[in-house]
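Keep the model open beside the text.

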Amino acid sequence: MGDPRILVVGAGLAGLAAAAELACAGHQVLVVDQARQPGGAVHRQPLPGARSLASPAQARRWRALMADVDAQGARIEIACNTRFGGVDHTGTVLLTGDAAALLQPQALVLAVGAREKVQPRPGWTLPWVTTAGALQVEIKTTSEPPAGRVLLAGSGPLLLALGAELVRLGQPPVAIIEAARPFSHPLQSLALPPPYMVEAARHLARLVRARVPVFTGAALTRISEHEGALLAEIATRKGSLGLAADRICLHDGIRPNDTGLTDSTALPVLRLGDCREALGAAAALADGRAGGAALAARLAGLPAPAASSALAREALAQARLARIYAHDSAAALAALPADTVICRCENRTRADLDALGPSPTTRQLRLDGRFGMGACQGRFCADWVARLARPDAPQPLGIPRWPARPISVAELLAAPDLTSGEFE
Amino acid sequence: MAKAQDHDVLIAGAGIVGASVAWHLAEAGLKVAVADATGPAAAASGASDGAVSVASKKPGVMARLATGSLLYTRELAARGLLGPAYAARPSYVFGAGEDEMAAIDALIAKLAALAGPVRVCADGGPKLLPGAGAGIERLVVLAGEGHMPGHKAVRAYLAHPRITPLWPARINAFAADDSGVEVDLGGKPLRVGVLVAALGTSTPALFPWLPVLPRAGQLIVTDAGPVGALPGSLTAAAYLLAKTEGPGREALPPVVIDPLGTGQFLIGSSREEHADPTRVDFATLRHLLARAAAAYPALTERRVIRAFAGIRAAVSDGLPIVGPMPGSPRVIVATGFEGDGICLSALIGREVAGMVRGASPGAEWAADIAALAPARFDPARQECVA
Amino acid sequence: MSGQIFWNGTALPYRPGETVATALTRAGVLRFGVAPGGQARGIFCGIGQCQGCLVQVGARLTEACLLPCRDGLMVSDAGGPQHG
């Protein structure tokens with residue numbers, strides 16, 4: 001028997017906006033999230049007693065969305081500490097954690113956000129080399145700066161934002177190493193929507209006031225451990241230098257968090273927000289609303305509503321940002337030394353990849369090279385392996401496969417089966 | 001005068017059977033090319049559990065061929081070729097309830113009749129295997145079988161210097177004449193002396209009258225733990241029933257727990273009539289895992305990192321198809337192993353290479369190989385019979 | 001309610017609502033054990049994606065960045081090749 005509810009996975013901007021639209025149209029919605037509270041990556045909520053670091057605009061956006069959700073009352077049920085295990089071809093969904101179940105919802109909305117791209121570098125697997133996003137989550141949760149010296153490296157607007165946040169918390173980063181030269185595109189920058197400009201200017205002002213060195217057109221080429229700290233080798237436009245840090249945060253942009261998300265023909269499955277196309281917070285909110293309304297219309301047999309103009313605006317702004325941050329990552333990738341770990345899960349290196357010979361097939365990369373075969377299912381290596389193996393014509397390293405994430409056998413066996421129950 | 005040939009032999013299909021045929025021919029001095037629509041070990045060979053098992057084969061032809069192939073695989077491993085791919089290991093068969101007890105009795109009788117390299121070392125309860133759980137009523141321990149991941153064997157075979165790889169390239173059509181075979185390989189014409197088609201589930205694309213059907217089996221891969229905790233495969237007797245009696249004949253989940261060299265487990269498997277490698281369902285996965293965990297409780301603490309359907313090439317009468325096509329001695333097929341290719345590939349490769357070179361089969365295998373001939377599906381012959 | 005978790009047997013304080021990953025980070029724990037490939041484990045992505053921060057609760061591996069602290073929770077490092 002079908003469950004009368006629509007299942008939304010991800011209680012961030014896109015998921016909750018979709019849930020509010022669907023509930024408003026009269027649907028019963030179950031929203032699940034792996035975290036302990038709604039918020040997603042952007043609106044990660046502070047621990048009880050910690051102060052929120054959200055800007056007034058961010059705080060307003062979140063309060064407004066939560067008000068929309070609360071207005072729907074019991075039509076929206078939110079279950080946290082609950083993980084989405086996947087959907088199978090019969091339309092059955094597996095949830096584990098607090099709301100563990102096998103259920104067959106009316107429709108499935110996947111709004112599981114983005115994840116960071118991090119280009120492999122020698123030493124990137126050392127402890128306390130993390131993604132920039134990991135530090136951001138930590139800061140938002142505890143509202144405290146991390147202990148010790150922090151170095152930010154890679155590429156993308158997040159590095160400046162996170163650097164400014166660290167300044168605000170009284171712990172300026174040692175330096176920011178940016179591969180692109182974002183300040184040498186004034187015309188592109190001026191064409192960005194005003195909120196982007198205002199935010200960037202505020203970040204830069206903070207960084208300048210705190211005299212944080214920002215190297216552009218520069219790359220972190222190697223990390224090693226030295227006398228209890230991390231030592232970063234930096235190649236700048238003017239030569240190389242070494243910087244010591246206690247924590248190094250890497251970030252090379254964001255991409256949809258879509259590994260292992262399979263579709264099912266047994267029910268409507270929608271991807272909304274960053275997990276459909278990584279365009280940032282404003283777009284995720286707009287996409288969630290539009291997608292929720294479109295799904296409600298589809299379920300009611302009504303024509304699809306007009307596309308969201310806000311979404312188109314954000315897509316344009318993100319395309320501009322991408323041009324501002326464009327740089328030659330292919331050269332950096334091609335120059336990686338043989339001992340660089342590419343697959344973090346199974347410690348497979350550049351040399352292991354090269355040993356497969358020229359133009360290996362996807363099956364050879366997986367079976368013989370064991371790339372993309374580890375527990376993360378290639379989330380952090382597949383794109384790079386594809387580009388290293390066939391620089392001219394990268395092939396996807398695999399088809400989406402269940403599960404969406406590693407699932408304990410015990411939890412898989414214990415999830416209550418709600419698919420055979422009767423619903424009113 | 002015969003037209004110039006690009007290769008002495010073209011092997012269509014870079015799975016374990018095609019790779020073994022290619023190696024045997026190359027070793028005999030022939031110029032061999034291997035074409036595959038995807039690449040090496042892209043289908044069943046890459047998705048297999050790697051069991052080189054006599055126990056799981058149907059009594060009769062299959063069990064005899066498996067015995068011969070097991071011995072020959074060991075020989076190729078000792079000679080170095082399959083050394084990195086093959087490893088001897090014990091195997092365990094367990095059961096509960098009447099049907100499975102009978103299946104275990106039949107297994108013991110079968111192995112005794114074969115008097116081959118696989119023997120029963122112990123027949124008792126779960127205490128025979130450290131870590132075995134309460135889901136096991138009876139357990140037999142077998143010695144003499146082995147493990148060989150398909151992709152490793154394929155890689156070893158295809159590394160022969162006289163083999164030319166041609167992939168990705170699909171064979172669109174072929175036409176045999178008295179002196180050779182014209183092949184349309186991805187739009188490119190190719191002339192070869194003999195075509196060997198080891199195409200697995202793709203067989204009907206070139207040989208529509210051969211009843212080869214996809215038979216999917218859901219497989220589960222866990223994360224890695226201590227290597228060697230389970231020394232060999234742990235197979236439910238229901239799996240033997242499913243293989244010998246056909247799918248759906250077993251009352252209990254036909255589960256096989258296979259420890260991999262990485263410390264992971266590969267757990268299978270259902271038998272379903274479709275060809276979609278992504279098609280899995282929670283009901284079947286739970287059905288298989290529940291029995292697997294009852295038989296080997298440490299599995300409960302593992303995590304599933306991947307599940308998919310391996311697609312085997314099954315034949316309507318349950319036997320592989322091996323031999324020259326009726327009326328076209330220069331076209332030889334070797335297909336339809338339904339997961340048994342890992343075990344049979346060594347011997348089949350040698351025998352098919354012999355057919356290509358016009359050698360008469362060794363007396364020991366002539367009758368069993370003849371039982372696999374494609375002529376049994378020859379439409380002309382069937383009309384006559386009718 | 002605040003309390004303590006046990007990391008490899010050593011008591012560590014945590015704040016209500018905190019994950020094991022943040023509690024360990026604040027306590028200065030860098031290494032969460034050794035992965036089967038021999039490399040050190042630790043926090044990397046912080047959002048349950050990379051499988052880097054696996055820790056053991058009982059015999060079971062789980063992501064520290066998704067695991068909420070609760071009083072008396074026994075967590076240990078994910079071991080190494082010697083014991084898995």
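Predicted model: local features only at pLDDT ≥ 70, side-chain atom pairs only at ≥ 80, totals over all residues.

Residues are numbered from 1 along each chain as its sequence is written, and chains are lettered from A and ligands numbered from 1 in the order in which they are written.

Let's begin with a pair of helices in chain A. Helix α4(A), residues 157-168, packs with helix α6(A), residues 194-209, at an angle of about 50°, and their axes are 8 Å apart. (Helices are DSSP runs of H or I with at least four residues, strands are runs of E with at least two, and both are numbered from the N terminus; axes are lines fitted to C-alpha atoms, for helices over the stretch in contact, and angles run from 0 to 180 degrees between N-to-C directions.) That angle makes α4(A) oblique to α6(A), given that angles under 35 degrees count as roughly parallel, over 145 as roughly antiparallel, 65 to 115 as roughly perpendicular and the rest as oblique. On the α4(A) side you will find L160(A), A161(A), G163(A), A164(A), V167(A) and R168(A), which meet A200(A), H203(A), L204(A), R206(A) and L207(A) in α6(A). By class, this contact of α4(A) with α6(A) has seven nonpolar, two polar and two charged residues (Ala, Val, Leu, Ile, Met, Phe, Trp, Tyr, Cys and Pro count as nonpolar, Asp, Glu, Lys and Arg as charged, and the others, Gly among them, as polar).

Now for the sheets. Chain A has an open sheet of three strands in the order β4-β5-β6, with antiparallel pairing (two strands pair if DSSP finds at least two bridges between them). Its edges are β4 (82-87) and β6 (101-103) of chain A, each with a single partner strand, so one side of each is left without a neighbour in the sheet. Neighbouring strands here are turned by 20° against each other on average, direction ignored. Between β4(A) and β5(A), residues 93-97, there are five bridges, and R83(A) has T96(A) in β5(A) as its bridge partner.

Strands β1(C), residues 3-7, and β5(C), residues 74-77, pair in the parallel sense over two bridges, and F6(C) has M74(C) as its bridge partner in β5(C).

Where do the chains meet? In chain A, 25 residues are in contact with 29 residues of chain B (two residues are in contact if their C-beta atoms, placed from the backbone, lie within 7 Å). The elements of chain A that give two or more residues to this side are α11 (362-368), β21 (407-408) and α13 (409-414). Strand pairing also crosses between these chains: β21(A) is joined by two bridges to the antiparallel strand β17(B), residues 303-315, where I407(A) stands opposite V304(B). Turning to chain C, six of its residues are in contact with seven residues of chain B.
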